[in-house]
Amino acid sequence: MFEAERCQECGECFAQCQYADFTKDEAIHEIQALKRGENAAILRQCITCMACNEYCPTGANPYDLILQLHEEKQIHFVEPGVAEFIEETLTSVPNEIIPGDPDKPALNLCVMGHAYPRNMTQSKLFQGLTLVSGSDYFSRAVFLHTGMETKVRTYAGHYVENLAKLGKQEIIFMHDDCYTMVVRKAPEYGIPVPFRAIHIIEYMVNYLKAQPQSVIKLNRKVAYQRPCISRYTPEKEPYVDALFEIIGVDRVARKYDRKNALCCAFGLRETDPERGSQILKKNLDDARTHGAEAMIFLCPGCYWLTSEACEEYGLAAIFITDLCRMALGELPFSSRPWTAG
Ligand code: SF4
Ligand code: SF4
(Lines give C-alpha, C1' and ligand atoms only; values in the text may rest on other atoms or scores of the structure.)
(Ligands and ions follow the chains in the order given, each with its own letter.)
Protein backbone atom coordinates (compact mmCIF):
# COMPACT_ATOMS: atom_id res chain seq x y z
CA MET A 1 0.00 0.00 0.00
CA PHE A 2 1.28 3.45 -0.85
CA GLU A 3 2.00 5.33 2.37
CA ALA A 4 1.42 8.91 1.25
CA GLU A 5 2.33 10.41 4.61
CA ARG A 6 5.78 8.82 4.40
CA CYS A 7 6.55 10.26 0.99
CA GLN A 8 8.90 13.23 1.20
CA GLU A 9 8.84 13.80 -2.56
CA CYS A 10 12.59 13.25 -2.78
CA GLY A 11 12.34 11.62 -6.23
CA GLU A 12 14.74 8.77 -5.40
CA CYS A 13 12.22 6.15 -6.52
CA PHE A 14 11.98 7.17 -10.16
CA ALA A 15 15.43 8.77 -10.44
CA GLN A 16 16.85 5.31 -9.67
CA CYS A 17 14.40 3.46 -11.93
CA GLN A 18 16.46 1.46 -14.43
CA TYR A 19 13.75 1.52 -17.08
CA ALA A 20 13.08 5.26 -17.18
CA ASP A 21 15.44 8.16 -17.67
CA PHE A 22 14.36 10.88 -15.28
CA THR A 23 16.52 13.56 -13.74
CA LYS A 24 15.93 14.08 -10.03
CA ASP A 25 13.68 17.06 -10.73
CA GLU A 26 11.68 15.13 -13.30
CA ALA A 27 11.36 12.23 -10.89
CA ILE A 28 9.99 14.58 -8.22
CA HIS A 29 7.51 15.92 -10.76
CA GLU A 30 6.45 12.34 -11.56
CA ILE A 31 5.75 11.35 -7.96
CA GLN A 32 3.88 14.59 -7.36
CA ALA A 33 1.74 13.95 -10.44
CA LEU A 34 1.03 10.38 -9.32
CA LYS A 35 0.00 11.59 -5.89
CA ARG A 36 -2.53 13.87 -7.57
CA GLY A 37 -3.80 10.82 -9.49
CA GLU A 38 -2.60 12.19 -12.82
CA ASN A 39 -1.61 10.30 -15.91
CA ALA A 40 2.15 10.69 -15.32
CA ALA A 41 4.68 9.44 -17.88
CA ILE A 42 6.06 6.83 -15.47
CA LEU A 43 2.78 4.92 -15.68
CA ARG A 44 3.64 3.94 -19.26
CA GLN A 45 7.38 3.55 -18.81
CA CYS A 46 7.10 1.31 -15.77
CA ILE A 47 7.72 -2.38 -16.42
CA THR A 48 6.36 -3.31 -12.95
CA CYS A 49 9.71 -4.45 -11.53
CA MET A 50 8.66 -3.25 -8.05
CA ALA A 51 12.21 -2.00 -7.36
CA CYS A 52 11.19 1.54 -6.46
CA ASN A 53 9.54 0.18 -3.32
CA GLU A 54 13.06 -0.78 -2.27
CA TYR A 55 14.72 2.40 -3.56
CA CYS A 56 12.40 4.53 -1.44
CA PRO A 57 14.28 5.48 1.74
CA THR A 58 11.13 6.04 3.79
CA GLY A 59 9.12 2.91 3.00
CA ALA A 60 6.37 4.79 1.15
CA ASN A 61 5.93 2.02 -1.47
CA PRO A 62 5.73 4.12 -4.65
CA TYR A 63 5.24 1.04 -6.82
CA ASP A 64 2.00 0.35 -5.00
CA LEU A 65 0.78 3.77 -6.12
CA ILE A 66 1.68 2.92 -9.72
CA LEU A 67 -0.16 -0.37 -9.33
CA GLN A 68 -3.24 1.39 -8.02
CA LEU A 69 -3.21 3.91 -10.87
CA HIS A 70 -2.56 1.22 -13.48
CA GLU A 71 -5.77 -0.41 -12.31
CA GLU A 72 -7.78 2.80 -12.06
CA LYS A 73 -6.68 4.03 -15.49
CA GLN A 74 -6.69 0.59 -17.10
CA ILE A 75 -3.07 0.93 -18.20
CA HIS A 76 -1.81 -2.54 -19.01
CA PHE A 77 1.89 -3.31 -18.96
CA VAL A 78 1.01 -6.90 -19.87
CA GLU A 79 -1.48 -7.46 -22.71
CA PRO A 80 -4.96 -8.08 -21.22
CA GLY A 81 -5.11 -11.33 -23.20
CA VAL A 82 -1.99 -12.56 -21.42
CA ALA A 83 -3.47 -11.72 -18.02
CA GLU A 84 -6.66 -13.57 -19.00
CA PHE A 85 -4.63 -16.56 -20.15
CA ILE A 86 -2.74 -16.60 -16.83
CA GLU A 87 -6.02 -16.47 -14.96
CA GLU A 88 -7.69 -19.20 -17.01
CA THR A 89 -4.78 -21.60 -16.82
CA LEU A 90 -3.58 -21.02 -13.28
CA THR A 91 -6.96 -20.94 -11.58
CA SER A 92 -7.97 -24.35 -12.94
CA VAL A 93 -5.04 -26.47 -11.79
CA PRO A 94 -6.35 -29.51 -9.81
CA ASN A 95 -5.56 -29.48 -6.11
CA GLU A 96 -3.39 -32.20 -4.66
CA ILE A 97 -2.29 -32.91 -1.10
CA ILE A 98 0.35 -35.59 -0.58
CA PRO A 99 0.44 -36.18 3.16
CA GLY A 100 3.78 -36.31 4.91
CA ASP A 101 4.94 -36.62 8.49
CA PRO A 102 2.24 -34.97 10.67
CA ASP A 103 4.94 -33.24 12.73
CA LYS A 104 6.68 -31.72 9.73
CA PRO A 105 5.61 -28.58 7.83
CA ALA A 106 3.74 -28.47 4.54
CA LEU A 107 5.45 -27.33 1.36
CA ASN A 108 3.29 -25.15 -0.88
CA LEU A 109 4.09 -25.71 -4.55
CA CYS A 110 1.13 -23.62 -5.79
CA VAL A 111 0.50 -23.94 -9.53
CA MET A 112 3.99 -23.81 -10.95
CA GLY A 113 4.44 -27.55 -11.49
CA HIS A 114 5.09 -26.97 -15.19
CA ALA A 115 8.00 -24.66 -14.38
CA TYR A 116 9.81 -26.39 -11.52
CA PRO A 117 12.66 -28.79 -12.25
CA ARG A 118 11.41 -32.28 -12.97
CA ASN A 119 11.55 -34.67 -9.98
CA MET A 120 12.30 -31.75 -7.67
CA THR A 121 10.26 -33.07 -4.77
CA GLN A 122 11.96 -36.47 -4.88
CA SER A 123 14.99 -34.88 -3.25
CA LYS A 124 15.83 -35.83 0.32
CA LEU A 125 15.51 -32.11 0.99
CA PHE A 126 11.74 -32.51 1.00
CA GLN A 127 11.34 -35.93 2.61
CA GLY A 128 8.50 -36.08 5.10
CA LEU A 129 6.93 -32.77 4.09
CA THR A 130 3.26 -32.60 3.18
CA LEU A 131 3.16 -31.44 -0.44
CA VAL A 132 0.31 -29.20 -1.52
CA SER A 133 -0.37 -27.84 -4.98
CA GLY A 134 -3.20 -26.58 -7.16
CA SER A 135 -5.27 -23.47 -7.64
CA ASP A 136 -6.52 -23.33 -4.04
CA TYR A 137 -2.90 -22.71 -3.07
CA PHE A 138 -2.14 -20.14 -5.77
CA SER A 139 -1.77 -16.66 -4.28
CA ARG A 140 -2.65 -14.66 -7.44
CA ALA A 141 0.28 -12.33 -6.57
CA VAL A 142 1.29 -12.49 -10.24
CA PHE A 143 -1.45 -9.90 -10.78
CA LEU A 144 0.70 -7.40 -8.89
CA HIS A 145 2.51 -7.24 -12.25
CA THR A 146 -0.60 -6.63 -14.31
CA GLY A 147 -2.30 -3.68 -12.66
CA MET A 148 -4.89 -5.97 -11.07
CA GLU A 149 -4.36 -5.80 -7.34
CA THR A 150 -8.10 -6.16 -6.78
CA LYS A 151 -7.80 -9.80 -7.86
CA VAL A 152 -5.01 -10.31 -5.34
CA ARG A 153 -6.87 -8.58 -2.52
CA THR A 154 -10.16 -10.35 -3.26
CA TYR A 155 -8.60 -13.80 -3.16
CA ALA A 156 -6.24 -13.22 -0.21
CA GLY A 157 -8.70 -14.35 2.48
CA HIS A 158 -9.54 -17.60 0.64
CA TYR A 159 -5.87 -18.27 0.07
CA VAL A 160 -4.92 -17.95 3.72
CA GLU A 161 -8.00 -19.96 4.74
CA ASN A 162 -7.12 -22.80 2.34
CA LEU A 163 -3.62 -22.96 3.75
CA ALA A 164 -4.83 -22.72 7.35
CA LYS A 165 -7.09 -25.74 6.74
CA LEU A 166 -3.95 -27.85 6.37
CA GLY A 167 -3.67 -27.54 10.14
CA LYS A 168 0.07 -26.92 10.06
CA GLN A 169 1.93 -24.57 12.36
CA GLU A 170 4.54 -23.97 9.68
CA ILE A 171 4.22 -23.81 5.91
CA ILE A 172 7.17 -23.55 3.54
CA PHE A 173 6.69 -21.49 0.40
CA MET A 174 8.50 -22.49 -2.77
CA HIS A 175 7.28 -19.51 -4.77
CA ASP A 176 8.33 -16.03 -3.69
CA ASP A 177 4.93 -14.72 -4.84
CA CYS A 178 3.10 -16.95 -2.36
CA TYR A 179 5.50 -16.07 0.44
CA THR A 180 4.98 -12.36 -0.24
CA MET A 181 1.24 -12.84 -0.06
CA VAL A 182 1.29 -14.32 3.45
CA VAL A 183 4.03 -12.20 5.01
CA ARG A 184 3.28 -8.87 3.35
CA LYS A 185 0.05 -8.54 1.41
CA ALA A 186 -2.40 -10.52 3.58
CA PRO A 187 -1.39 -8.59 6.74
CA GLU A 188 -1.65 -5.36 4.75
CA TYR A 189 -5.22 -6.33 3.78
CA GLY A 190 -6.00 -7.01 7.45
CA ILE A 191 -6.06 -10.81 7.10
CA PRO A 192 -4.55 -12.72 10.03
CA VAL A 193 -2.18 -15.55 9.08
CA PRO A 194 -2.46 -18.38 11.64
CA PHE A 195 0.75 -20.23 10.74
CA ARG A 196 4.41 -19.36 10.38
CA ALA A 197 5.54 -18.83 6.80
CA ILE A 198 8.97 -20.22 5.99
CA HIS A 199 10.69 -19.15 2.82
CA ILE A 200 12.18 -21.99 0.79
CA ILE A 201 15.67 -20.51 1.11
CA GLU A 202 15.39 -20.23 4.89
CA TYR A 203 14.24 -23.86 4.94
CA MET A 204 17.17 -25.04 2.80
CA VAL A 205 19.71 -23.07 4.84
CA ASN A 206 18.48 -24.70 8.04
CA TYR A 207 18.33 -28.13 6.40
CA LEU A 208 21.94 -27.92 5.22
CA LYS A 209 23.19 -26.42 8.47
CA ALA A 210 21.72 -29.39 10.33
CA GLN A 211 23.79 -31.84 8.27
CA PRO A 212 27.06 -30.20 7.26
CA GLN A 213 28.63 -33.61 6.64
CA SER A 214 26.29 -34.10 3.65
CA VAL A 215 27.32 -30.91 1.87
CA ILE A 216 29.79 -31.06 -1.00
CA LYS A 217 31.15 -27.56 -1.66
CA LEU A 218 30.59 -26.75 -5.32
CA ASN A 219 33.34 -24.12 -5.76
CA ARG A 220 31.56 -22.35 -8.59
CA LYS A 221 30.92 -18.75 -9.58
CA VAL A 222 27.28 -17.92 -10.07
CA ALA A 223 24.97 -15.00 -10.75
CA TYR A 224 21.63 -14.69 -9.00
CA GLN A 225 18.43 -13.67 -10.78
CA ARG A 226 16.66 -11.84 -8.01
CA PRO A 227 12.89 -11.97 -8.52
CA CYS A 228 11.00 -8.68 -8.77
CA ILE A 229 8.60 -9.77 -6.04
CA SER A 230 11.56 -10.07 -3.63
CA ARG A 231 11.44 -6.28 -3.38
CA TYR A 232 8.54 -6.76 -0.98
CA THR A 233 10.54 -8.97 1.41
CA PRO A 234 14.16 -7.76 1.36
CA GLU A 235 14.62 -8.96 4.95
CA LYS A 236 15.07 -12.52 3.68
CA GLU A 237 18.03 -11.63 1.41
CA PRO A 238 20.67 -12.67 4.00
CA TYR A 239 19.40 -16.24 3.61
CA VAL A 240 20.40 -16.17 -0.08
CA ASP A 241 23.98 -15.28 0.83
CA ALA A 242 24.00 -17.80 3.67
CA LEU A 243 22.88 -20.55 1.30
CA PHE A 244 25.54 -19.73 -1.27
CA GLU A 245 28.21 -19.71 1.42
CA ILE A 246 27.17 -23.09 2.82
CA ILE A 247 27.29 -24.77 -0.57
CA GLY A 248 30.48 -23.03 -1.65
CA VAL A 249 29.34 -20.86 -4.53
CA ASP A 250 30.58 -17.35 -5.11
CA ARG A 251 27.78 -14.89 -5.99
CA VAL A 252 29.68 -12.67 -8.40
CA ALA A 253 29.63 -8.97 -7.53
CA ARG A 254 28.01 -7.75 -10.71
CA LYS A 255 26.21 -4.58 -11.63
CA TYR A 256 22.66 -5.96 -11.94
CA ASP A 257 22.27 -7.77 -8.66
CA ARG A 258 20.83 -6.95 -5.25
CA LYS A 259 19.19 -3.50 -5.34
CA ASN A 260 20.18 -3.09 -9.00
CA ALA A 261 18.72 -6.42 -10.11
CA LEU A 262 16.95 -6.41 -13.46
CA CYS A 263 13.56 -7.90 -14.18
CA CYS A 264 13.59 -11.00 -16.40
CA ALA A 265 11.38 -8.82 -18.64
CA PHE A 266 8.89 -11.58 -19.44
CA GLY A 267 6.02 -9.10 -19.59
CA LEU A 268 7.65 -7.25 -22.48
CA ARG A 269 7.70 -10.29 -24.73
CA GLU A 270 4.30 -9.46 -26.14
CA THR A 271 4.18 -5.68 -25.76
CA ASP A 272 7.74 -4.64 -26.63
CA PRO A 273 9.94 -7.65 -27.44
CA GLU A 274 12.88 -5.50 -28.54
CA ARG A 275 12.99 -3.69 -25.21
CA GLY A 276 12.61 -7.02 -23.42
CA SER A 277 15.53 -8.52 -25.36
CA GLN A 278 17.73 -5.52 -24.57
CA ILE A 279 17.06 -5.86 -20.83
CA LEU A 280 17.72 -9.59 -20.91
CA LYS A 281 20.93 -9.08 -22.89
CA LYS A 282 22.21 -6.46 -20.42
CA ASN A 283 21.50 -8.82 -17.56
CA LEU A 284 23.13 -11.90 -19.09
CA ASP A 285 26.11 -9.98 -20.49
CA ASP A 286 26.69 -8.62 -17.00
CA ALA A 287 26.64 -12.11 -15.49
CA ARG A 288 29.07 -13.48 -18.08
CA THR A 289 31.39 -10.46 -17.90
CA HIS A 290 31.71 -10.95 -14.16
CA GLY A 291 32.71 -14.57 -14.56
CA ALA A 292 29.50 -16.36 -13.62
CA GLU A 293 29.19 -19.95 -14.82
CA ALA A 294 25.51 -20.19 -14.02
CA MET A 295 22.41 -18.13 -13.38
CA ILE A 296 20.60 -19.23 -10.24
CA PHE A 297 16.83 -18.79 -10.19
CA LEU A 298 14.44 -18.52 -7.29
CA CYS A 299 11.37 -17.62 -9.34
CA PRO A 300 10.04 -20.60 -11.33
CA GLY A 301 8.58 -18.17 -13.87
CA CYS A 302 11.94 -16.48 -14.57
CA TYR A 303 13.55 -19.91 -14.73
CA TRP A 304 10.98 -21.28 -17.14
CA LEU A 305 11.08 -18.24 -19.40
CA THR A 306 14.78 -17.42 -19.54
CA SER A 307 16.67 -20.71 -19.15
CA GLU A 308 17.13 -21.11 -22.89
CA ALA A 309 18.49 -17.58 -23.26
CA CYS A 310 20.96 -18.24 -20.43
CA GLU A 311 22.20 -21.35 -22.17
CA GLU A 312 22.65 -19.44 -25.43
CA TYR A 313 24.86 -17.05 -23.45
CA GLY A 314 26.91 -19.91 -22.07
CA LEU A 315 25.37 -19.73 -18.61
CA ALA A 316 23.98 -22.82 -16.94
CA ALA A 317 20.37 -22.22 -15.89
CA ILE A 318 19.89 -23.65 -12.40
CA PHE A 319 16.85 -23.52 -10.14
CA ILE A 320 17.83 -22.87 -6.54
CA THR A 321 16.57 -26.22 -5.24
CA ASP A 322 18.68 -27.99 -7.88
CA LEU A 323 21.71 -26.04 -6.70
CA CYS A 324 21.14 -27.51 -3.24
CA ARG A 325 20.64 -30.95 -4.71
CA MET A 326 24.02 -30.57 -6.46
CA ALA A 327 25.61 -29.78 -3.10
CA LEU A 328 23.94 -32.90 -1.68
CA GLY A 329 25.38 -35.02 -4.48
CA GLU A 330 21.97 -35.70 -6.02
CA LEU A 331 22.60 -33.90 -9.32
CA PRO A 332 25.61 -32.93 -11.46
CA PHE A 333 26.49 -29.24 -11.80
CA SER A 334 24.97 -28.48 -15.18
CA SER A 335 22.23 -26.51 -16.82
CA ARG A 336 18.75 -27.86 -16.13
CA PRO A 337 20.31 -31.18 -15.05
CA TRP A 338 16.93 -32.90 -14.92
CA THR A 339 16.35 -32.55 -18.68
CA ALA A 340 18.36 -35.71 -19.26
CA GLY A 341 16.36 -37.63 -16.65
S1 SF4 B 1 8.00 7.50 -2.72
FE2 SF4 B 1 9.86 7.43 -1.47
S3 SF4 B 1 11.54 7.67 -2.92
FE4 SF4 B 1 9.65 8.30 -3.98
S5 SF4 B 1 9.55 10.49 -3.66
FE6 SF4 B 1 8.38 9.56 -2.01
S7 SF4 B 1 9.86 9.33 -0.32
FE8 SF4 B 1 11.05 9.71 -2.16
S1 SF4 C 1 8.35 -0.54 -10.58
FE2 SF4 C 1 10.36 -0.65 -11.55
S3 SF4 C 1 10.01 0.04 -13.63
FE4 SF4 C 1 8.27 0.72 -12.42
S5 SF4 C 1 8.80 2.77 -11.75
FE6 SF4 C 1 9.37 1.39 -10.11
S7 SF4 C 1 11.55 0.97 -10.53
FE8 SF4 C 1 10.68 1.80 -12.41
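In the predicted model, a salt bridge joins the side chains of Asp-64 and Lys-185, with N and O 3.2 Å apart. Between domain 1 and domain 2 the count is 1 salt bridge. Polar contacts were also found across this interface, in 5 residue pairs. On the side of domain 1 that touches domain 2, 3 residues are nonpolar, 2 are polar and 2 are charged.

The extent of this interface was then considered. Domain 1 brings 7 residues to the contact, and domain 2 brings 9 residues. Interface size is often expressed as the accessible area lost when the parts come together. For domain 1 and domain 2, the buried area is about 670 Å². Carbon and sulfur atoms give 46% of that area.

Two ligand shells were examined next. Around ligand 1 there are 13 residues. Those that come nearest are Cys-7, Cys-10, Gly-11, Cys-13 and Cys-56. By class, the shell around ligand 1 holds 8 nonpolar, 3 polar and 2 charged residues.

The shell around ligand 2 includes the cysteines Cys-17, Cys-46, Cys-49 and Cys-52. The class count around ligand 2 is 12 nonpolar, with no polar and no charged residues.

Note on methods. Residues are numbered from 1 along each chain as its sequence is written. Chains are lettered from A and ligands numbered from 1 in the order in which they are written. This is a predicted model: local features need pLDDT of at least 70, side-chain atom pairs count only at pLDDT 80 or more; totals for chains, interfaces and linings use all residues. Side-chain values use heavy atoms; hydrogens and water are left out. A residue is near a molecule or strand if one of its heavy atoms lies within 4 Å of it. Ala, Val, Leu, Ile, Met, Phe, Trp, Tyr, Cys and Pro count as nonpolar, Asp, Glu, Lys and Arg as charged, and the others, Gly among them, as polar. Contact means heavy atoms within 4.5 Å. Buried area is the accessible area (1.4 Å probe) that two parts lose on being put together, summed over both. A salt bridge is a side-chain nitrogen of Lys or Arg within 4 Å of a carboxyl oxygen of Asp or Glu. A polar contact is a pair of N or O atoms within 3.5 Å; within protein, one must be able to donate a hydrogen and the other to accept it, and residues adjacent in sequence count only if both atoms are side-chain atoms.
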